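Subject: Structure handover

Hello,

Here is the structure for you to take over. My notes on it follow below.

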Amino acid sequence: MIDINLLLAWGATYKKVGVNETVFNEGQQCSYYYQIVSGTIRWLNINEDGRECIHYIAECGESFGEFPLFDDGPYAASAIANSESILIRLYKPVFLDLLNEKNTLLFEFTRLLTKRLRFKYSVIKSFGSNCPEERIINLIKNLKLESKNYCAECDQLKLTRQQIADMTGLRVETVIRTMRYMHAKGDITISRGKVFCKDMTEIIMA
């Protein structure tokens, strides 16, 4: 999102996090702007039963947890590393000074947050459907549209069945069963546990 050299020039520092290590918790006050140098971070809420509701999985080059930077509220969700990751972070007051000096960055963040809200609205809208296939297809369509969490060269979906369940509000057993059905229909291809997605716009619900 922001050039790393620019962040470093403004005093940013690197932070290494391990697999499933928490970067920040829901309700915690925000002190830094975070951007991923390598690895992936999931942004989520955890219910009383310990189940995750994943809102977004940020990848290399992306920022996450931006809301409190702009409204001074606490974090609305937690951020946890999916894998060993390297982050770059900039102290919040300095980050705001950077935006004041570089107005084009503020416009870019407005576009970014708008895109993420559109993505979230589309996913939430699908929750009104009792058809698990429709929820999964809607998620994959949106991920492909945003070039998120899949390989553009081979069309491999880079999400686990559990992550798909946590992003669609379905049980993992339902996701597994539904994706097997989608594979049998030819909507997706499952090979050695990996999922490959065709052009989802071609899929017509039965």
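Buried means under 20% relative accessible area, exposed means over 50%, and partly exposed lies in between (1.4 Å probe, protein chains only). A word on the source: this is a predicted model, in which local features need pLDDT of at least 70 and side-chain atom pairs count only at pLDDT 80 or more, while totals for chains, interfaces and linings use all residues. Residues are numbered from 1 along each chain as its sequence is written, and side-chain values use heavy atoms, with hydrogens and water left out.

Thr178 lies in helix H7. Helices (H or I, at least four residues) and strands (E, at least two) are DSSP runs, numbered from the N terminus. Leaving out residues up to four places away in sequence, Thr178 touches Pro132, Glu133 and Ile136. Contact here means heavy atoms within 4.5 Å.

Helix H5 covers residues 132-145. Its 14 residues should span 20 Å at 1.5 Å a residue, and the end C-alpha atoms are 20 Å apart, so the two agree. The expected span is 1.5 Å times one less than the number of residues. H5 is mostly covered, with 10 of its 14 residues buried. Among them are Glu133, Arg135, Ile136, Asn138 and Lys144. The cover over the buried residues includes H4, strand E9 (156-157), helix H6 (161-168), helix H7 (172-185) and strand E11 (194-197). Ser147 follows H5 and has a positive phi, near 55 degrees.

Leu157 sits in strand E9. Its relative accessibility is 4%, so Leu157 counts as buried. Not counting residues up to four places away in sequence, Leu157 touches Ile140, Leu143, Asn149, Tyr150, Ile164, Val195 and Cys197. Of these, Ile140 and Leu143 are among the buried residues of H5. Leu157 and Ser78 are 79 residues apart in sequence and 24 Å apart in space, C-alpha to C-alpha.

**The sheet**

Strands of a sheet pair through backbone hydrogen bonds, either parallel or antiparallel. Here 4 strands form an open sheet in the order E1-E8-E3-E6, with antiparallel pairing. E1 and strand E6 (63-64) stand at the edges with a single partner strand each, so one side of each has no neighbour in the sheet. Two strands pair if DSSP finds at least two bridges between them.

- E1 and E8 are joined by 5 bridges. Lys15 stands opposite Leu87 in E8.
- E3 and E8 are joined by 6 bridges. The partner of Ile36 in E8 is Leu87.
- E3 and E6 are joined by 2 bridges. Tyr34 has Phe64 as its bridge partner in E6.

Gly18 lies in the loop between strand E1 (13-17) and E2. Its relative accessibility is 22%, so Gly18 counts as partly exposed. Leaving aside neighbours within four places in sequence, Gly18 is in contact with Ala81, Ser83 and Glu84. Gly18 and Ser85 are 67 residues apart in sequence, yet 6.5 Å apart in space, C-alpha to C-alpha.

**Aromatic pairs**

Rings of Phe, Tyr and Trp (its six-membered ring) pair if their centres lie within 6.5 Å; planes under 30 degrees apart count as stacked, over 60 as edge-to-face and the rest as tilted. The count by this rule is 12 aromatic pairs. One of them joins Phe24 and Tyr34: the ring centres are 5.9 Å apart and the planes at 40 degrees, so the pair is tilted. This pair links distant parts of the chain, with Phe24 in strand E2 (residues 22-24) and Tyr34 in strand E3 (residues 32-38), 10 residues apart. Both Phe24 and Tyr34 are buried.

Ring pairs link Phe24, Tyr32, Tyr34, Phe64, Tyr75 and Tyr91 into a cluster. Arg89 lies over the face of Tyr32, at 4.2 Å from the ring centre. For a charge to sit over a ring, NZ of Lys or CZ of Arg must be within 6 Å of the ring centre and within 35 degrees of the ring normal.

**Nonpolar cores**

A nonpolar core is a set of buried Ala, Val, Leu, Ile, Met, Phe, Trp, Tyr and Cys residues joined through side-chain atoms within 4.5 Å. The largest has 29 residues, of which Val23, Ile41 and Phe64 touch the most other members. Elements that each supply at least two residues of this core include E2, E3, strand E8 (85-91) and helix H4 (103-126). Another core, of 24 residues, lies apart from it; Leu44, Ala165, Met179 and Val195 are among its members.

Best wishes
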